[in-house]
Amino acid sequence: MHINKWRLFWIHYGVLLLLLLIWHFFTNNYLEIYHVKNVTIFIPWQSIAIQLFATKNAPFIKALLIVSISTYFYLFIFQDLVQKQFKRFAIKFCLFVGALLILQIILWAFYDWLLFNYTYEYEKEQAWIETQKENGNLFRPFSALLLDSFHILTQNRFVYGLLVLGVDDIIFYLLYTAFFTLIMYVWQSRKREEELERQQREVEIQSLKAQLNPHFLFNSLNTIYSSALTEKDTPTAQLVQQLSGILRHSVEEVRHEKTSLEKELAFIEKYLALQRARLPQHPHVSINTSIHWDQEPADIAPLLLIPFIENAFQYGISLDTPSFVTIRLTIEDKKLHLRVENSLLTVHGHQKGAGTGLPNAQKRLQLLYPHQYTLAFGPEKGTFLVDLTLQL
């Protein structure tokens, strides 16, 4: 399923920020700090603003950081694991952890910079401020504080340095990222299953709508076939047999999630034979097809490829102007490559379709073969081109 990245990010951020704000206000008494001689001393609003926006655990910054890390991991790293790209996933994950370590060091220096330059008067007592001023820590530039952070790692034991700089935060980021990834994966898997079931029902309904008493239709075709053989009209008998095979495949196989590649290719061959018979020999029309299969057994979703081929014949052939259809289908090592190219017709009044065939086929690919295909279609250099690569 396609994910709207920005929508996911902002919804995630809003939910997490709300939870952190509730927790923050629950654990901090912002109404009053203490009583002195029956006089209530309230926390100044500047201090509240600093705690919300400019400290290590400030909800607005914390939520933004956590959401950015977990969302990035799910969208750009975890998907390699889903696609079984284990080596690429391992490399990205190691880089991801390394980037978190560097980010934590930078954040540590950044919070110190905020403290020593802007928020110290609301965060610390006057004695602490005077001590830091004497030690030359106040008003230190960010670059110096960043060097101090790296100095802690190099001068002390590395693990101890990480503990000082907050490796516990990194562990929390990783645990939350794992939790978020699990939730998203389960949710998206269920949504995909629901969408797949709905799409399958729609395909079955459309197939049923296209049937006019299938048994009667098949019996009628068999009668015509027998009559053609009796009259020794072999070409007509072959066409009727091919049409019967196409209809039977459309009716029976669509009820199944997968069909054998051999049956699907036979169906495509019959469809192409009917198209050649339908179109008379004409100097303006050129039809070139090539189908190569290495005979390795495989399954494929029924009627998955025919919309791309049918689209070429429906919108790429005209008897009035030069037109062509070129189809190249190759299956090797369970990797399918289909390339369909047809002429772009500009004749006024040429039949125009609803434009839903190819988008619907693309939708089926998204549901049935997520992360297992690449598809491109559209006008290209005066022709219409469909290029599909599919891992069966």
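These questions and answers cover the predicted model shown above.

Me: How many helices and strands does the secondary structure of the protein come to?
Reply: The model is predicted. Both helices and strands occur in the protein. The count comes to 14 helices and nine strands.

Me: What percentage of the residues in the protein is buried?
Reply: A residue is buried when its relative accessible area is under 20%. The protein has 392 residues. The buried share is 38%.

Me: At roughly what angle do the axes of helix α1 and helix α3 cross?
Reply: Helix α1 spans residues 5-27 and helix α3 spans residues 59-76. Their axes come within 9 Å. α1 passes α3 in a right-handed crossing. The angle is roughly 145°.

Me: How many nonpolar residues does the contact of α1 with α3 have?
Reply: From α1, the contact draws on residues including L8, F9, L16 and L20. From α3 come F60, L64, I66 and V67, among others. By class, five residues are polar and two are charged. The nonpolar ones number 15.

Me: In β7, which residue is the bridge partner of V325?
Reply: Strand β6 covers residues 323-332, and strand β7 covers 335-343. They pair in the antiparallel sense over eight bridges. The bridge partner of V325 in β7 is N342.

Me: Which residue in β9 stands opposite L338?
Reply: β7 also pairs with strand β9, residues 383-391. This pairing is antiparallel and has nine bridges. Opposite L338 stands L388.

Me: Is D333 buried or exposed?
Reply: D333 sits in the turn of the hairpin of β6 and β7, which has two residues between the strands. D333 is not a glycine, yet its phi is positive, about 55°. Its relative accessibility is 62%, and the cut-off is over 50%, so D333 counts as exposed.

Me: Why does H371 count as partly exposed?
Reply: H371 lies in the loop between α14 (357-368) and β8 (373-380). H371 has a positive phi of about 65°, although it is not a glycine. H371 counts as partly exposed because its relative accessibility is 43%.

Methods. Residues are numbered from 1 along each chain as its sequence is written. This is a predicted model: local features need pLDDT of at least 70, side-chain atom pairs count only at pLDDT 80 or more; totals for chains, interfaces and linings use all residues. Side-chain values use heavy atoms; hydrogens and water are left out. Axes are lines fitted to C-alpha atoms, for helices over the stretch in contact, and angles run from 0 to 180 degrees between N-to-C directions. Helices (H or I, at least four residues) and strands (E, at least two) are DSSP runs, numbered from the N terminus. A crossing is left-handed if the near helix is turned anticlockwise from the far one by less than a right angle, and right-handed if clockwise. Contact means heavy atoms within 4.5 Å. Ala, Val, Leu, Ile, Met, Phe, Trp, Tyr, Cys and Pro count as nonpolar, Asp, Glu, Lys and Arg as charged, and the others, Gly among them, as polar. Buried means under 20% relative accessible area, exposed over 50%, partly exposed in between (1.4 Å probe, protein chains only). Two strands pair if DSSP finds at least two bridges between them.
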